[in-house]
Amino acid sequence: MTKPRVVIVGAGFAGYHAAKTLSRLAGNRAEIVVLNSTDYFLYLPLLPEVAAGVVEPKRIAVPLTGTLRGVRVVIGEADEVDLQNRWVGFTQAEGDRNRIAYDRLVLAVGSVNKLLPIPGVTEYAHGFRGLPEALYLHDHIVRQIELAEQAEDPAEQQARATFVVVGAGYTGTEVAAHGQLFTDALHAQRPRLTVRPKWMLLDVAPRVLPELDKRMSDTAHRVLDRRGVDVRMGTSVAEATADGVKLTDGEYVPTCSLVWCVGVRPDPFVAELGLRTERGRLVVDEYLNVPGFPEVYACGDAAAVPDVTHPGQVCAMTAQHAQRQGKLAAHNIAASYGKGRRRTYKHHDLGWVVDLGGKDAAANPLKVNLAGLPAKAVTRGYHLLAMPGNRTRVSADWVLDAALTRPAVQLGLVPANAVPLESTAPEMPVRNR
């Protein structure tokens, strides 16, 4: 008899852990296929350390082949779904079109940069959602500091040494914290650079890390203040230009660097499925099933998973939820074939960690608030446990960064036009009736 085939679209936190868990549960009794646009799982929480030159880029790119044993990896961009006849169409890296049939389908396509209707932002800002963007930002920071050192005009020097981050959530706060340390180190190596690089962190929220415990927010704000980061709450960008940004309070800030970290939105793939959505996320039940299609599951940022711990709400778009939902999807698929019983998704927050660079971090494991070195130890320990591979290499990078001067060169591998803030999703024909 032919083995049942489970196709998992996406290899982020949800898709990767769905595949890994299902491989363990199914053994060789099912064919598991992961369809993803890259051949690696990206450990997103360490992207700020890549941009700051602490961790090498390949360290956070965990290969799918080899770490997902017994799983077939197909590299391609999903762009067509036939829910009635149960197949997914995709485009391969060199443009060839193909399709793959499924018995069970897991949609774990993730999210993209959240956009706001602010003039100039899509033209002059860059997001921070993937490895190319982190590589680009690293090169851009080094380039701007080098150009600032060479500039004869003091105004140009100041503009090139000013970096504006919009969004004081988890990612934006870490980018600004690591960025200030990074540019201070670059400044120390360049005696001709007469101005200290300046980082600004903007958000319309009343405090940094608004989604986390206030004590963690206070810790992060103290660290940013001590480093000289210009934190402005209740303020955002009203307009972006090639030479700077106009703020919502009317001030104009000359800068060549605008980093967009205001959050994420579900991948546009979801909107083209012709299924019910909630704020762009695919509606599923508490078992992660798509209503009307019991063979289809969705999890992660692209799914509106009911939060049974807060009735009437859906789970937040976080890596923690995505990872746990991916594992549950695997268990429920196994249950659909008679192995075990299906379960509802229920998760209580066990705490958060925020790496602020240097010796600083904020953490609240099991609701115990920590700062400084204890928080740093917890943060790094958490990341090593959460990473599905490359732990030794990441640890080695941390040790080398603590012991040696950080090398800073721009390789120019990712040009600005290769990482637009707004990516155009291909039009996807959908057949579900």
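A charge is said to sit over a ring if NZ of Lys or CZ of Arg is within 6 Å of the ring centre and within 35 degrees of the ring normal. The exercises below concern a predicted model.

**Exercise 1.** Determine over which ring the charged end of Arg-104 sits.

*Solution.* The ring is that of Tyr-337, and the charged end of Arg-104 lies 4.4 Å from its centre. A further case involves Arg-99, whose charged end is placed over the ring of Trp-87, 3.6 Å from the ring centre.

**Exercise 2.** Classify the aromatic pair of Tyr-16 and Phe-41 as stacked, tilted or edge-to-face.

*Solution.* Step 1: the structure contains four aromatic pairs. Step 2: the ring centres of Tyr-16 and Phe-41 are 4.8 Å apart, and their planes meet at 35 degrees. Step 3: planes under 30 degrees apart count as stacked and those over 60 as edge-to-face; the pair is therefore tilted.

**Exercise 3.** Classify the pair of Phe-163 and Trp-199 in the like manner.

*Solution.* The angle between the planes is 15 degrees and the centres are 4.8 Å apart; the pair is stacked. Phe-163 lies in strand β11 and Trp-199 in strand β12. Phe-163 is buried, with a relative accessible area of 1%, and Trp-199 is buried, with 0%.

Conventions:
Residues are numbered from 1 along each chain as its sequence is written. This is a predicted model: local features need pLDDT of at least 70, side-chain atom pairs count only at pLDDT 80 or more; totals for chains, interfaces and linings use all residues. Side-chain values use heavy atoms; hydrogens and water are left out. Rings of Phe, Tyr and Trp (its six-membered ring) pair if their centres lie within 6.5 Å; planes under 30 degrees apart count as stacked, over 60 as edge-to-face and the rest as tilted. Helices (H or I, at least four residues) and strands (E, at least two) are DSSP runs, numbered from the N terminus. Buried means under 20% relative accessible area, exposed over 50%, partly exposed in between (1.4 Å probe, protein chains only).
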